[in-house]
Amino acid sequence: MSDGRSGSSFLRRAFRHRSFVVGATLTAFVVAMALLSLIWTPYAPTAINIRRRMAMPSADHWLGTDSFGRDVLSLILAGAQNSLTVGVLAVGCGIVLGSTLGLLAAARRGWIEELVMRFADFTFAFPAILSAIMLAAIFGPSTMNSVVAIAIFNIPVFARVVRGSANAIWARDYILAARSAGKGSTRITIEHVLPNILAVIVVQATIQFALAILAEAALSYLGLGTQPPTPSWGRMLNEAQAMVFRAPFLAVFPGCAIAIAVLGLNLLGDGLRDLTDPRLSRQR
Amino acid sequence: MTPAPLLSVNDLRVALQTARGAVEAVRGLSFTLDKGETLGIVGESGCGKSLTALALMGLLPDGAVASGAVRYGGHNLLTLREQQLCDLRGNRLAMIFQEPMTSLNPLHCIGDQIAEPLQQHLKLSRRQARDRAVDLLDRVGIPNPRQRLDAYPHQMSGGQRQRAMIAMALACDPDILIADEPTTALDVTIQGQILDLIRRLVDDSGMALVLISHDLGVIAETVDRVLVMYAGRAVEAGPVREVFARLAHPYARGLFAAMPRIAPGQSHPRAPLATIAGIVPDLHDLPSACAFAERCSLAEPRCRVEFPPAVSIGPDHRAECWRTDQTLGTGTSP
């Protein structure tokens, strides 16, 4: 756990950590794509040009065009935006709700802890795909649908991780000292427990973010998530599937985009975990 | 009629849930504490002294249940609601712990940690609380208190951290200070300073002190009255001078004999350290009579059958033993 030493030594260690540097670079690349798509794409991502359908990569269309003649690079850039939005919303919900439940369980113990953890087990038993199919059946497929399904899958993950780490903090001497100073469990949770487990939450969030991007792509691929014409990596794969022999590039580029985003976030998460765990960092 | 004592503990029992069933770690402890009085609780590891302290604060761990009565200010602390206890803790009742290295949150600077109880209990503003924190750090003998406010715990030595802990405990001028082995984790040279500091602060402020220690030397130097605990019971209690002059319980005598001593000029041949034979009895399977009988060199058949009475040894001095005639008769008073 960090002990308040200046941030500069953290950065210095971070720059020497290989998987952190690679992960951060790849993640920054994906984020840059999403940001760029907000202000500029080579063509409008939804602009159809039938005469130039399934063009090979060229100077006009760097990554070629798809079966409707849409520019693949523009679709990928806009798809990054879609993936990151779903990821941020779903993981954000998971962090807020899951951490609250986990902190509550650790602070109150007893039957509340039991209830929260059994609820987590119960939710965990349903894969995100299954909840998404259920939600799609009830509300119809949409981007929001995949956000909710992935968020539901994330809540128990954070509830468990946070409760475990929070229990470890509650057992520390300084918590007993804080209680002997008359602090109630809410104040102790906010002032002492939460700051001490922040690193754990951040690390878990990066890894969950990677999973969320993968899940969003899967749901869109299955037609349960983002609907046309909104660009999405998963749906691009789905559309490319039909003509994988005539135009293999159509499957390769969105596949690479997903791989880069997931790999980057996973490496970043690994790096952050090593860097925030003082026992591991000294061995490197 | 004498005025009611500040704190009165009556038949305090603490039951622990363990894998092998419930056990009683504190078995019927009673004592009173007047304003400004200092009480020492002494005993070896596992005799229930720390649990007693936590029970007084209402901070028993999960699975530990206290019964009996702890009366303070017209309340029974054991039945008080958590919210009311929070208002008392750190305000009227304060505690300092054994491990100054781990009892401060590493993420907050000590000024904030000292100021917090002031803001919470006395409703001071942040600025006022920080000014008070400077005074407090000064009172506990930390040099350059204003600069040290922004120091993090890892920037301070063990002795300084314990001083900071004491400053935190004293922040709201409590009526009772409970110190659980406050010097055990410190160097011997620092120990004396911290004890002197506690003693001086108690004298100045008129608060009552409960000092818990396994070290008879610490107890002898610091408190007025002493309570010797064994297996959850007070086997001997009385004014510290009385007790040390006439150790009546064989266990108290054993503790005293087991103290390492430095005799100048007599280091060769070194005398072996005295020990008390045997081990602390298993709480799951305590004898129904005297818990110390198995380890006691003076035990007679009656000791293993009948619970010993509380024998009055002198004014306010009593011991729970059948054999006080022996212990006092042999006259090996130190």
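Residues are numbered from 1 along each chain as written, with chains lettered from A and ligands numbered from 1 in written order. In this predicted model, local features need pLDDT of at least 70, side-chain atom pairs count only at pLDDT 80 or more, and totals for chains, interfaces and linings use all residues.

Q: How do you know where the predictor is confident in chain A?
A: pLDDT is the predictor's confidence in each residue, from 0 to 100. Chain A averages 87, and 95% of the residues score at least 70. Among its elements, α3(A) has the highest mean pLDDT (93) and helix α11 (residues 278-283) of chain A the lowest (51). Over residues 1-5 of chain A, pLDDT stays under 50.

Q: Which residues of helix α9 of chain A are called buried, and why?
A: A residue is buried if 20 or more other C-beta atoms lie within 10 Å of its own, exposed if 12 or fewer, and partly exposed in between; the C-beta atoms are placed from the backbone. Across the 284 residues of chain A, 46% count as buried.

Q: What makes a residue of chain B part of the side that touches chain A?
A: Contact means that two C-beta atoms, placed from the backbone, lie within 7 Å. On that test, 25 residues of chain B are in contact with 17 residues of chain A. On the chain B side, α2 (82-88), β6 (93-96) and α3 (110-121) each supply at least two residues. The most come from α3(B), with four residues.

Q: How do the residues on that side of chain B divide by type?
A: Ala, Val, Leu, Ile, Met, Phe, Trp, Tyr, Cys and Pro count as nonpolar; Asp, Glu, Lys and Arg as charged; the others, Gly among them, as polar. The side of chain B that touches chain A has 12 nonpolar, eight polar and five charged residues.

Q: Why is the crossing of α3(B) and α4(B) called right-handed?
A: A crossing is left-handed if the near helix is turned anticlockwise from the far one by less than a right angle, and right-handed if clockwise. The crossing of α3(B) and α4(B) is right-handed, so the turn is clockwise. Axes are lines fitted to C-alpha atoms, for helices over the stretch in contact, and angles run from 0 to 180 degrees between N-to-C directions. Here α3(B) and helix α4 (residues 126-139) of chain B pack at about 115°, with axes 8 Å apart. Among the residues making the contact are Ile114(B) and Leu118(B) of α3(B) and Ala133(B) and Leu136(B) of α4(B). The contact divides into six nonpolar, two polar and three charged residues.

Q: How do you know that β3(B) pairs with β8(B) and β9(B)?
A: Two strands pair if DSSP finds at least two bridges between them. Five bridges join β3(B) to β8(B), which run parallel. Four bridges join β3(B) to strand β9 (residues 225-230) of chain B, also in the parallel sense. Both counts meet the rule, so both are pairs. Gly40(B) has Leu211(B) of β8(B) as its bridge partner, and Val42(B) stands opposite Val228(B) in β9(B).

Q: What makes β3(B) a covered strand?
A: Five of the five residues of β3 (residues 38-42) of chain B are buried. Thr38(B), Gly40(B) and Val42(B) lie on one side, and Leu39(B) and Ile41(B) on the other. In a regular strand the side chains alternate between the two faces of the sheet.
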